Amino acid sequence: MFAVLTAPLLWFGAGVLFCILEMLVPAGAFLFFAAGCLAGWLAALAGAGLTVQILAAVAVCIISLLVLRRRLTAVFSGNKKADGEKACQLTGTVGVVTAPVRPDVEGQVQVAGSYWRAVSEDGELGAGEEVRITGQAADDAMLLRVRRSH
């Protein structure tokens, strides 16, 4: 009547639970626990004892935390230098307004296959207008400054 709860099933269930928690509360911590559960699950499938399963899970949690934490924090915080560099690389390229852009109100432009938040240096720009990227906002590397493309 009831399914037998085996070690691999418990490790797998815990990993899924941590993945769901990471999606609901994107804190960046549950992902490492999920990776540890994956290691415990693999150890259990290999027939290792409970001590080895727990050691594998803890080791993978710690290693993934040390290796990936800084990188993931930079990526998901929006403060990653590479994002700002990408915005700078767009300077001079032409894009299309997808949501009206004004000097005092952010809109949206499509440039190089991606959508970016933007403010205008040329007054109001309507959807469908071609714009040239002139740079990025001083205080927000992900906010582009645009003008009409001439």
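Rings of Phe, Tyr and Trp (its six-membered ring) count as a pair if their centres lie within 6.5 Å; planes under 30 degrees apart are called stacked, over 60 edge-to-face, and the rest tilted. This is a predicted model, in which local features need pLDDT of at least 70 and side-chain atom pairs count only at pLDDT 80 or more, while totals for chains, interfaces and linings use all residues. Residues are numbered from 1 along each chain as its sequence is written, and side-chain values use heavy atoms, with hydrogens and water left out.

The structure holds 3 aromatic pairs. In one of them, Phe18 and Phe30 are stacked, at 6.3 Å centre to centre and 20° between the planes. Phe18 belongs to helix α1 (residues 7-24) and Phe30 to helix α2 (residues 30-45), so this pair ties together parts that are 12 residues apart in sequence. Helices (H or I, at least four residues) and strands (E, at least two) are DSSP runs, numbered from the N terminus. Phe18, Phe30 and Phe33 form one aromatic cluster.

Phe18 is partly exposed at 22% relative accessibility, and Phe30 is partly exposed with a relative accessible area of 22%. Buried means under 20%, exposed over 50%, and partly exposed in between (1.4 Å probe, protein chains only).

Strands pair if DSSP finds at least two bridges between them. The pairings of β2 (residues 107-111) are tabulated here.

| Partner of β2 | Sense | Bridges |
|---|---|---|
| β1 (residues 94-99) | antiparallel | 3 bridges |
| β3 (residues 114-120) | antiparallel | 5 bridges |

Val97 stands opposite Val109 in β2, and Val111 stands opposite Ser114 in β3. A hairpin with 2 residues between its strands is formed by β2 and β3, and Ala112 in the turn has a positive phi of about 50°.
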